[in-house]
Amino acid sequence: MIKDFTARLWKLGDDIDTDIIIPTEYLAFPTVEEMKGYAFSPLRPELAGMIRPGDCIVAGRNFGCGSSREQAPEVLKALGISCIVAGSFARIFFRNAINNGLLLIENADLHDAVQEGDVISVRANEYIEANGMRFGIASLPENLVEILDAGGLVKAMRHRNGVE
Amino acid sequence: MGMTIAEKIIAAAAGKSCVRAGDIETVTLDYMMSNDGTTHLTIDMYNKLVSPHISDKDKLIWIVDHNVPSDSVKTAASHKKMRDFARENDITLWEGRGVCHQIMMEHYVCPGQLIFGADSHTCAYGALGAFGTGVGCTDYLYAMVTGQSWLLVPPTLRFNLHGQLRDGVCARDLILSIIKMISASGASYKAMEFGGDGLASLSIADRICICNLCVEAGAKTGLMEVDDKALAYLEERGRVPKQVFAPDADASYEQVYEIDLEDIVPVVAKPHFVDNVVPASECRDVKIDEAFLGSCSNGRIEDLRAGAKVIKGRKVAPKVRFLVVPASKEVYIQAAEEGLLEIFMEAGAIVMNPNCSVCWGSCQGVIGAGETLISTGTRNFKGRAGSPDSFVYLASAPTVTASAVMGRIATADQL
Amino acid sequence: MGMTMIEKVVSRNVGKAVKPGDIVTVSVDRVMLDDIMMPFIVDKFREMGFRDVWDPDKVVLIYDHLVPATQVDDTRHYHVSDDFADEQGLPHVHRSDGICHQLMTEAGYVKPGDVVFGTDSHTVTYGCVGAFSTGIGYTEMAGILGTGELWIRVPETIRININGTLPSNVTSKDIILTIIGKLRADGATYMALELAGDVVDGMSVASRMTIANMSVECGAKCCLFAPDEKTAEYCGVELTDELRELRADSDASYAMTLELRAEDFVPVVACPSQVDAVKPAAEAAGTRIDQVFIGSCTNGRLEDLMLAAEVLKGRKVAPYVKLIVTPASRKVYLEALRNGTIDILAKAGAMITHPSCGLCCGRAGGILSDGERVVATNNRNFLGRMGTSKVEIYLASPATAAESAVQGEIAWRKA
């Protein structure tokens with residue numbers, strides 16, 4: 001299950017759309033590894049190069065709105081993003097992230113309480129601690145926990161099909 | 001001693017009564033055409049000059065045709081630079097209205113003119129008796145600033161055409177056969193001049209295709225004698241010749257070829273050189289991924305009619321992409337009015353807006369590694385149409401269309 | 001207690017009554033797979049350990065984002081898709097027939113009451129015929145290909161009633177943009193929209209498609225219109241009692257109900273760079289523009305092209321402004337050729353490109369450069385969507401777009 005962890009945060013605003021996360025121009029690159037350097041390039045071209053494995057993103061409302069491109073959560077995963085905390089998530093992005101084992105946490109208040117570069121501590125299914133304050137985490141529906149537990153939908157299907 | 005057409009045009013442009021092959025002359029240009037392939041580079045160089053000026057803006061014709069509509073951020077920036085400069089300097093700009101050489105033929109080229117174009121296929125203008133030749137950006141810049149340039153008067157190869165092409169054989173087959181005969185460098189630095197009793201049977205579209213491809217034999221220009229058909233084409237478009245030059249009977253040619261048009265058969269130029277020409281019948285097993293009907297060589301209404309005749313009531317082979325790209329807006333509208341676009345669309349073709357398309361290889365329609373294209377474009381160099389590991393065959397409009405239907409190289413009579 | 005439309009469609013699929021918040025597994029009636037996602041879908045399908053697609057007849061493959069190819073690697077997507085189609089015996093493959101969402105409805109792949117998923121967010125479009133359809137990622141698509149099933153959470157519904165008489169210059173694009181402006185970009189996240197009222201009843205299926213298409217821009221999971229005679233005719237089905245029954249019950253329970261007066265609507269634009277930054281076109285009027293794009297799965301249908309032609313007839317696109325028109329499908333292009341719409345558009349100065357996603361997906365079709373502005377009829381104006389992040393995109397109806405092209409600045413048609 002999801003473990004407790006701490007992460008350095010990158011702060012983004014409301015309505016971070018999928019075209020910002022990974023522009024269409026790069027979607028047909030053969031691998032996500034080749035795409036990941038272009039993450040967030042329309043908004044902050046330098047950002048992908050600065051993200052270190054284990055970092056997290058704290059954003060405002062409607063993170064991941066727009067396209068169904070699964071490359072969006074996949075490039076974030078490939079950059080080593082540990083989790084995304086946002087006021088809300090667009091629904092296709094939400095499903096895609098869970099299916100790739102990328103942890104998403106909905107919280108509307110954290111965004112105003114932190115600065116870029118701050119470190120947050122995540123206590124799974126309980127709260128996030130930042131700058132001495134605690135922010136509650138709602139628990140995920142059971143079917144999603146199952147997919148996360150399996151390590152993503154591909155692994156869940158492999159299990160179903162009896163391949164290891 | 002007499003002069004060839006090339007010598008006469010250059011003499012007039014140099015203000016002399018007589019020039020000879022091998023002379024270097026300073027000439028005044030009638031037009032200077034430039035397109036989005038390189039104009040942004042010319043502008044960069046222009047802006048580095050000390051107090052630059054344009055000698056005669058009315059002689060500059062700028063045409064955005066290679067990547068239209070713009071397909072990348074880089075292209076968009078080049079186009080913007082070109083558009084802004086044209087606007088500031090009141091230079092005529094054609095954007096998205098066709099391939100540069102077709103627009104020049106439709107609107108500007110007149111017999112007797114000397115025209116520079118920052119594109120190698122500028123040699124096409126000889127179809128209307130103008131000396132057109134391709135130059136690089138530096139030569140273009142000098143001409144743009146001074147209105148003049150220097151020119152080595154080329155020796156001329158004369159081609160006397162006799163009889164007429166057989167049914168199903170095209171001007172494309174003729175010029176590819178000639179290129180094979182003299183090789184891809186057989187006319188380097190030279191002019192290729194066409195005349196003879198067979199000329200009358202060739203349409204203006206045929207002549208443009210022939211002159212256009214002369215550069216693939218290395219020629220500096222291709223020139224046709226101006227006849228009633230050429231004059232009628234001009235009159236229809238409200239233009240008058242600058243001067244009609246016929247070659248003198250005692251003109252001096254480096255070589256004279258007699259070509260019997262009835263001997264020509266459908267051919268293809270195989271990868272990766274334009275003079276690698278064989279009868280189309282020898283390539284019948286070659287499977288194709290894409291077929292292209294268009295370009296400054298073969299994107300005119302006559303070519304679209306020829307293609308439509310072949311494909312009417314038939315379908316493009318499964319998994320084959322058949323790109324049909326009219327050479328200009330004028331051709332596009334006429335093809336729409338004649339119902340040709342409908343025929344192509346019903347057959348499953350991809351009908352694109354007028355542009356250089358896959359002939360230029362960095363526009364829409366590029367081919368990938370291991371793929372094979374049959375094309376009415378100008379070149380089949382390695383990598384010309386996209387991936388360096390792809391293959392391009394050149395052929396006529398009917399052969400390309402028949403191949404699109406069959407999914408492998410075929411001539412129209414095989415359908 | 002009554003049910004909303006989405007509750008009825010899902011209940012019909014799972015064979016038991018459902019309510020919002022329920023998590024249920026639906027049997028999938030159709031899936032749409034597009035070229036750009038295909039290699040990823042195939043990889044995941046194999047990685048999951050599946051061998052056979054659950055029901056090849058229910059799978060539709062459409063190449064549209066990468067047609068024609070602009071990068072050499074694009075053709076890899078065709079080949080991966082072709083090979084998968086051959087291997088699995090997929091009968092429905094469209095290689096250059098137009099935009100996926102247009103084809104799914106136009107070619108009859110989606111019927112009222114169906115449950116359909118696609119690897120593209122605008123899959124919500126099929127709600128126009130009363131289907132539940134929504135976008136998913138490639139991993140979930142791979143799972144459906146293997147199992148024919150997907151879990152969903154039954155969404156709450158926002159009901160929007162529009163009654164009265166629309167001003168003559170207002171289109172369904174203005175309606176959906178206005179709704180998105182009211183709900184904001186995340187106002188319907190996880191929810192279904194359901195539209196009804198006189199105005200909706202009077203609308204063509206094409207106009208409903210525009211509204212359903214853009215519902216995802218306010219976060220909606222789907223957007224449903226009750227099937228009526230027009231729907232039945234469009235889908236080529238009989239309007240049975242079962243289909244009539246899909247209409248929401250009068251005592252259905254909604255998360256929110258919006259009552260909108262048709263008379264209050266005006267032509268609007270969505271300003272850079274958020275789809276919900278909506279204001280009356282009048283307030284943006286006079287903003288200088290560089291390009292206009294009419295096309296996409298939002299507004300590339302025959303009625304959109306005809307509306308643009310009505311505005312453009314006998315007029316010309318402003319100097320230095322480019323007008324790019326991309327019909328949504330081969331069928332739309334053919335109909336527009338036949339009824340003279342293309343002729344009007346081309347003569348006004350439009351470039352007509354082959355049916356595809358074109359500029360909307362930002363890979364080709366008219367990419368712009370720093371400081372340039374475009375008025376576009378598609379669905380998104382996100383930062384960098386059509387070029388650099390310094391390009392400004394205004395979304396509008398085809399009428400507003402066409403009028404702006406003529407004026408060279410944002411302008412709208414008076415009522």
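This is a predicted model: local features need pLDDT of at least 70, side-chain atom pairs count only at pLDDT 80 or more; totals for chains, interfaces and linings use all residues.

Residues are numbered from 1 along each chain as its sequence is written, and chains are lettered from A and ligands numbered from 1 in the order in which they are written.

Let me start with chains A and C. Two residues count as in contact if their C-beta atoms, placed from the backbone, lie within 7 Å. On that basis, chain C contributes 41 residues and chain A 35 residues. Helices and strands here are DSSP runs, numbered from the N terminus (helices H or I, at least four residues; strands E, at least two). On the chain C side, helix 2 (38-47), helix 3 (74-88) and helix 5 (138-147) each supply at least two residues. Helix 5 of chain C gives the most, with five residues.

I turn to chain B. Its domain assignment, automatic or taken from a database, gives domain 1 (5-261) and domain 2 (267-414). Their C-alpha centres lie 24 Å apart. The contact takes 31 residues from domain 1 of chain B and 36 residues from domain 2 of chain B. On the domain 1 side, the elements giving two or more residues are helix 4 (100-107), helix 6 (171-182) and helix 7 (204-212) of chain B. Of these, helix 6 of chain B has the largest share, six residues.

Finally, is helix 15 of chain C mostly covered or mostly open? This helix, residues 341-348, is mostly covered, with six of its eight residues buried; buried means that 20 or more other C-beta atoms, placed from the backbone, lie within 10 Å of the residue's own. The buried residues are C:T341, C:I342, C:I344, C:L345, C:A346 and C:A348. Their cover includes helix 11 (329-337) of chain B, and, from chain C, helix 13 (302-312), strand 15 (322-326), helix 14 (330-338) and strand 16 (350-352). Just after helix 15 of chain C, C:G349 takes a positive phi of about 115 degrees.

Helix 13 of chain C also meets helix 16 of chain C: among the residues involved are C:L307 and C:V311 from helix 13, and C:A402 and C:V406 from helix 16.

Notes: A residue is buried if 20 or more other C-beta atoms lie within 10 Å of its own, exposed if 12 or fewer, and partly exposed in between; C-beta atoms are placed from the backbone.
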